[in-house]
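I opened my notebook to look through this structure step by step. Come along as I jot down what I looked up.

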Amino acid sequence: MEILNIEGTPKTPTVTLNPNTGVLEIKGRSIPENSIEFYRPVIEWIDAYANAPAPKTEVNVRLEYFNTASSKCILDVFKKVESMKKSSNANIQINWFYEEDDEDMLEAGEDYESIIKVPFKMMPLSE
């Protein structure tokens, strides 16, 4: 399986999905023109990765801002990760990074945590 690298822009996050290390990372800003189109390769990659995941998978989400359309796509990504955990009983952890003083981003992470049945870790970042 290939590493998926999507270079970030002012409107789209940097995405690095590495099957060798089991680290899936999304960071930056997520306000693409078409969120579904942007996240499609990510979801397809996770589908393929789920067939033979690394012994431990870490999903690192470090977004400074995302719009409503992106929030739905991020949920879809998490649901794919959740179904991978169910089907393979894989060791998976989601790390939700947020700026210490960013209540909205913390709440967004907590909302996802309440929906997705995968271990979530809230990771405050000091500026």
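Before anything else, I noted a cut-off: a residue is buried under 20% relative accessible area, exposed over 50%, and partly exposed in between. I also noted that this is a predicted model.

Entry: I looked up K80 and found a relative accessible area of 27%, so K80 is partly exposed. Its salt-bridge partner is D47, at 3.1 Å from N to O. The two are 33 residues apart, with D47 in helix α1 and K80 in helix α2. D47 is partly exposed as well, because its relative accessibility is 37%.

**Entry: the helices themselves.** I then checked how α1 (residues 35-49) and α2 (residues 68-88) sit together: their axes come within 10 Å and cross at roughly 5°. That angle makes α1 roughly parallel to α2. By class, their contact has twelve nonpolar, two polar and three charged residues. Among the residues that meet there are I43 and I46 from α1, and V77 and V81 from α2.

**Entry: the strands.** I followed β2 (residues 14-18) next. Three bridges join it to β1 (residues 4-6), antiparallel, and N5 stands opposite T16. Five bridges join β2 to β3 (residues 23-30), again running antiparallel. β2 and β3 form a hairpin with four residues between them, and G22 in the turn has a positive phi of about 75°.

Entry: I found seven in the whole structure. One of them joins E64 to R29, with the closest N and O atoms 3.9 Å apart. E64 lies in β4 and R29 in β3, so this pair ties together parts 35 residues apart in sequence.

Key. Residues numbered from 1 in each chain as written. Predicted model: local features only at pLDDT ≥ 70, side-chain atom pairs only at ≥ 80, totals over all residues. Heavy atoms only, no water. Pairing = 2+ DSSP bridges. Axes fitted to C-alpha atoms, helices over the stretch in contact; angles between N-to-C directions. Parallel < 35°, antiparallel > 145°, perpendicular 65-115°, else oblique. Contact = heavy atoms within 4.5 Å. Nonpolar A, V, L, I, M, F, W, Y, C, P; charged D, E, K, R; others polar. Salt bridge = Lys/Arg side-chain N within 4 Å of Asp/Glu carboxyl O. Buried < 20%, exposed > 50% of the residue type's maximum accessible area, 1.4 Å probe, protein only.
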